[in-house]
Amino acid sequence: MSAATATWRLLPRRRLAVPARWRNPVGIAGAVMVGFVILTALLGHFIWATDPNNPAWTRLQGPSWAHPFGTDDLGRDTLARVIHGAQVSLYVGAIAVGISLCAGLLIGLVSAFYRGIIDLILMRLVDIVFAFPLLVLAILIVGLLGPSRRNAMIAIGIVYAPAFARVIRAAALEVLGFPFIESARSLGANDLRIITRHVLPNIVAPLIVLTTVYFSQAILGEAFLSFLGLGTQPPEAAWGNMLSTARNFIESSVWMSVFPGLAIMFAVLGFNFLGDGLRDVLDPRLGGVADEIVVKSK
């Protein structure tokens, strides 16, 4: 036996083992599903180089080698349209969640940091928004702004911003109660420095989980608005408007509705699973419990 082999065998197995909280099957499954959706959106049109808006084939075909997902009522390739719908869904989800995150950060941090009458006013405004069903409020906003993908993104971002604001406020209040915040104040740190150097780095974990979970809600909201004709407008492909068209041909060509519906379900489940897994990994209380159980079992 060589010296290198002997040294390797002497290493404690615990140092080489993956921590228990990272062995999360739900989170891993979600990461794989989300990765597949992202790769489909980024590379799918290179692998399946078919124009999603070109009505060049026989209409209402079933799945075949030439068209794995069949064709729609105008003879367009359904696979190409599902791939384009993945691009639209991820784009809308990213912009809408970005709007919610920015608005939630502003409201939540200002409310937690300055409290008093400012906190009271901002939280009552958040409560007013929560009093309405979110998708109904999104329909109202898009109805006022006009049906388009841009306005759908704005509406989705607005209706989910209060959820971000509440979570960010609660996390920021917890951090502001720590002793190092008082130490920073005593050393002369101003409000902006405390927020950027001490508060924000300590609330990254809940923000990551919240962003992942609400990304799935944004995808579902975009599909809902497009289904009603308030989001992405035809002839551009989106999963929602594909389902809206397919409902008129459910008896003659069920495949038109099956594949976009499965795509929505797959993407939403993937982001939800990933969010649950990240919550288990990033929450120190859950992680500590898991590691303690593993140590005791050994």
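**Terms applied to a predicted model**

Reader: Why is Arg-115 called partly exposed?

Author: In this predicted model, Arg-115 has a relative accessible area of 43%. Buried would require under 20% and exposed over 50%, so Arg-115, at 43%, is partly exposed. Arg-115 is found in the loop between α4 and α5 (116-130), and its phi is near 50 degrees, a positive value in a residue other than glycine.

Reader: What makes Leu-60 count as partly exposed?

Author: The relative accessibility of Leu-60 is 21%. Leu-60 lies in the loop between α3 (25-47) and α4 (78-114). Although not a glycine, Leu-60 has a positive phi of about 55 degrees.

Reader: How do you know that the span of helix α9 agrees with its number of residues?

Author: Helix α9 (residues 191-202) has 12 residues. The expected span is 1.5 Å times one less than that number, and for α9 this gives 16 Å. The end C-alpha atoms of α9 are 16 Å apart, so the two values agree.

Reader: Which residues of α9 are buried, and what puts them on the same side of the helix?

Author: Ile-194, Ile-195 and Val-199 are buried in α9. They cover an arc of only 95 degrees around the axis, and therefore lie on the same side of α9. An α-helix has 3.6 residues a turn, so residues three or four places apart point the same way. Elements that cover the buried residues of α9 include α4, α7 and α8 (179-186).

Reader: Which exposed residues does the face of α9 turned away from its buried side carry?

Author: That face carries Leu-192 and Arg-197.

Reader: What makes a set of residues a nonpolar core, and which residues have the most contacts inside the largest one?

Author: The members must be buried residues of the nonpolar kinds, joined through side-chain atoms within 4.5 Å. The largest such core here has 56 residues, and Ile-219 and Trp-239 have the most contacts inside it. Helix α7 (residues 149-176) gives the most to this core, with 13 residues. Beyond four places away in sequence, Trp-239 touches Val-82, Gly-85, Ala-86, Ser-89, Ile-219, Pro-260, Ala-263, Ile-264 and Ala-267.

Reader: What is the omega of the peptide bond from Pro-234 to Pro-235, and where does Pro-235 lie?

Author: Omega is near 10 degrees for this bond, which is cis. Pro-235 lies in the loop between α10 (204-227) and α11 (239-246).

Definitions and conventions. Residues are numbered from 1 along each chain as its sequence is written. This is a predicted model: local features need pLDDT of at least 70, side-chain atom pairs count only at pLDDT 80 or more; totals for chains, interfaces and linings use all residues. Side-chain values use heavy atoms; hydrogens and water are left out. Buried means under 20% relative accessible area, exposed over 50%, partly exposed in between (1.4 Å probe, protein chains only). Helices (H or I, at least four residues) and strands (E, at least two) are DSSP runs, numbered from the N terminus. Contact means heavy atoms within 4.5 Å. The arc is that of the directions from the helix axis to the C-beta atoms.
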